Amino acid sequence: MFAVQRGTNVSHWLSQVEGRTVEGHNVERSIWFAEEDVQRIAGWGCDHIRLPVDEVQLWDDSGNREPEAFELLNHALDWCE
């Protein structure tokens with residue numbers, strides 16, 4: 001069993017944003033949160049990261065998957081593992 005001890009939240013990446021920008025700017029989400037960030041967070045002694053994800057980031061208005069969002073999420077899960 002994994003005992004959660006110390007972690008942090010990664011906001012304004014796949015949640016809490018309008019549209020598909022970061023904080024209202026047309027910043028590539030792929031550089032907003034990267035593998036180096038996971039390494040840095042682990043270096044702070046964190047054993048988990050909360051990745052909030054808004055449904056509007058994963059699906060378009062027609063209910064189709066947003067490939068970029070799923071790719072970003074899958075990369076983040078791989079980095080954390």
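1. Secondary structure. The protein chain of this predicted model contains four helices and two strands, arranged along the sequence as β-α-α-β-α-α. Helices (H or I, at least four residues) and strands (E, at least two) are DSSP runs, numbered from the N terminus. Residues are numbered from 1 along each chain as its sequence is written, and side-chain values use heavy atoms, with hydrogens and water left out. As the model is predicted, local features need pLDDT of at least 70 and side-chain atom pairs count only at pLDDT 80 or more, whereas totals for chains, interfaces and linings use all residues.

2. Burial and surface. Of the 81 residues in the protein chain, 31% are buried; buried means under 20% relative accessible area, exposed over 50%, and partly exposed in between (1.4 Å probe, protein chains only). The accessible surface of the protein chain is about 5,700 Å², and carbon and sulfur atoms account for 47% of that surface. These areas come from the Shrake-Rupley method with a 1.4 Å probe, and for residues only the protein chains shown count as cover.

3. Contact range. Contact is taken as heavy atoms within 4.5 Å. Among contacts in the protein chain between residues at least 6 apart in sequence, 67% join residues at least 24 apart.

4. Nonpolar core. The largest nonpolar core has 15 residues, and those that touch the most other members are Val-10, Trp-13, Leu-14, Phe-33, Ile-49 and Leu-51. Helices α2 (35–43) and α4 (67–80) each supply at least two residues of this core, and the largest share, five residues, comes from α4. Such a core is a set of buried Ala, Val, Leu, Ile, Met, Phe, Trp, Tyr and Cys residues joined through side-chain atoms within 4.5 Å. In soluble globular proteins, nonpolar side chains tend to be buried together. Beyond its neighbours within four places in sequence, Leu-51 is in contact with Val-10, Trp-13, Phe-33, Ala-76 and Leu-77.

5. Helix α2. The buried residues of α2 are Asp-37, Val-38 and Ile-41. They lie on the same side of α2, because they cover an arc of only 100° around the axis, the arc being that of the directions from the helix axis to the C-beta atoms. Gln-39 and Gly-43 are exposed on the other side of α2. The packing partners of the buried residues of α2 are β1 (7–9), α1 (29–32), β2 and α4. After α2 comes Gly-45, with a positive phi near 95°.

6. Aromatic pairs. The structure holds two aromatic pairs. Rings of Phe, Tyr and Trp (its six-membered ring) pair if their centres lie within 6.5 Å; planes under 30 degrees apart count as stacked, over 60 as edge-to-face and the rest as tilted. In one of the pairs, the rings of Trp-59 and Phe-70 have centres 5.3 Å apart and planes at 75°, so this pair is edge-to-face. Trp-59 is partly exposed because its relative accessible area is 31%, while Phe-70 counts as buried at 14%.

7. A charge over a ring. Arg-65 lies over the face of Phe-70, at 3.7 Å from the ring centre. The criterion is that NZ of Lys or CZ of Arg is within 6 Å of the ring centre and within 35 degrees of the ring normal.

8. Val-53. This residue lies in the loop between β2 (48–50) and α3. Val-53 has a relative accessible area of 29% and is therefore partly exposed. Leaving aside neighbours within four places in sequence, Val-53 is in contact with Leu-14, Ser-15, Leu-58 and Leu-73. Val-53 and Leu-73 are 20 residues apart in sequence, with a C-alpha to C-alpha distance of 8.6 Å.

9. Gln-5 is placed in the segment before β1 and is exposed, with a relative accessible area of 68%. Glu-71 lies in helix α4 and counts as partly exposed at 49% relative accessibility. Glu-71 and Ser-30 are 41 residues apart in sequence and 9.4 Å apart in space, C-alpha to C-alpha.
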